[in-house]
Amino acid sequence: MKYVSIRENPAYAEKAIRYFQEKWGSEETNLLYEDCITSCLTSPSKLPQWYLLLKDETIVGCAGLIPNDFISRMDLYPWLCALYIEEEFRGNSYGELLIEHVKTETKKLGFETLYLCTDHTSYYEKYQFDYLGVGYHPWGESSRIYQTKLVE
């Protein structure tokens with residue numbers, strides 16, 4: 001398995017843009033992924049970061065590390081977002097591998113806590129995420145917010 005940071009490996013940017021758009025985008029949001037991933041390549045800011053998980057050269061999954069996941073809790077950051085593992089690769093703990101990689105990268109960037117928002121229950125708890133509360137999205141929906149402490 002190979003982790004690819006798009007920021008550190010800009011040759012993967014176009015492939016990553018297409019992949020994130022395919023898995024998470026829509027006609028309304030495809031430009032968001034394109035602009036965000038392209039802009040991170042030259043940004044002096046630590047965030048955002050985008051990652052691919054590869055087996056050989058096949059994309060197995062993806063994840064992002066962003067300053068806010070379109071949620072009302074603007075006081076919390078950074079956020080794990082867009083976690084996805086291809087169906088045929090599920091059941092092999094690749095989601096856990098990608099989560100742990102993002103945690104490690106988050107800690108390297110100097111952050112002590114990592115957040116995420118989701119509608120899932122009983123998944124992220126397995127990876128030391130604790131339920132924090134509810135947050136609200138601009139489109140009127142709410143999501144569960146989780147956090148994990150990265151310091152020992």
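1. Proline 48 sits in the loop between H2 and strand S2 (49-55). Leucine 47 and proline 48 are joined by a cis peptide bond, with omega about 5°. Helices (H or I, at least four residues) and strands (E, at least two) are DSSP runs, numbered from the N terminus.

2. This is a predicted model, in which local features need pLDDT of at least 70, side-chain atom pairs count only at pLDDT 80 or more, and totals for chains, interfaces and linings use all residues. Residues are numbered from 1 along each chain as its sequence is written, and side-chain values use heavy atoms, with hydrogens and water left out.

3. A cis peptide bond also joins tyrosine 77 and proline 78; omega is about 0°. Proline 78 is in the loop between strand S3 (58-66) and S4.

4. Serine 93 lies in the loop between S4 and H3. Most residues other than glycine have a negative phi, and most peptide bonds are trans.

5. Next, the helix pair. Helix H1 (residues 13-24) and H2 pack at an angle of about 150°, and their axes are 9 Å apart. H1 is therefore roughly antiparallel to H2 (angles under 35 degrees count as roughly parallel, over 145 as roughly antiparallel, 65 to 115 as roughly perpendicular and the rest as oblique). Axes are lines fitted to C-alpha atoms, for helices over the stretch in contact, and angles run from 0 to 180 degrees between N-to-C directions.

6. Which residues of H1 and H2 meet? Ala13, Ala16, Ile17, Phe20, Gln21 and Trp24 in H1 meet Asn30, Leu31, Tyr33, Glu34, Ile37 and Thr38 in H2. Contact means heavy atoms within 4.5 Å. By class, this contact has eight nonpolar, three polar and one charged residues (Ala, Val, Leu, Ile, Met, Phe, Trp, Tyr, Cys and Pro count as nonpolar, Asp, Glu, Lys and Arg as charged, and the others, Gly among them, as polar).

7. Finally, the largest pocket holds about 1,000 Å³ of space. A pocket is an open set of points on a 1 Å grid over the protein atoms alone, where a 1.4 Å probe fits, with protein on both sides within 12 Å along at least five of seven lines; lining residues have an atom within 4 Å of a point. Grid points are joined across faces, edges and corners, and the volume is the space filled by probe spheres set on the points.

8. Of the 39 lining residues, Trp24, Cys81, Ala82, Leu83 and Cys117 are closest to the pocket's centre. S4 gives the largest share of the lining, six residues.
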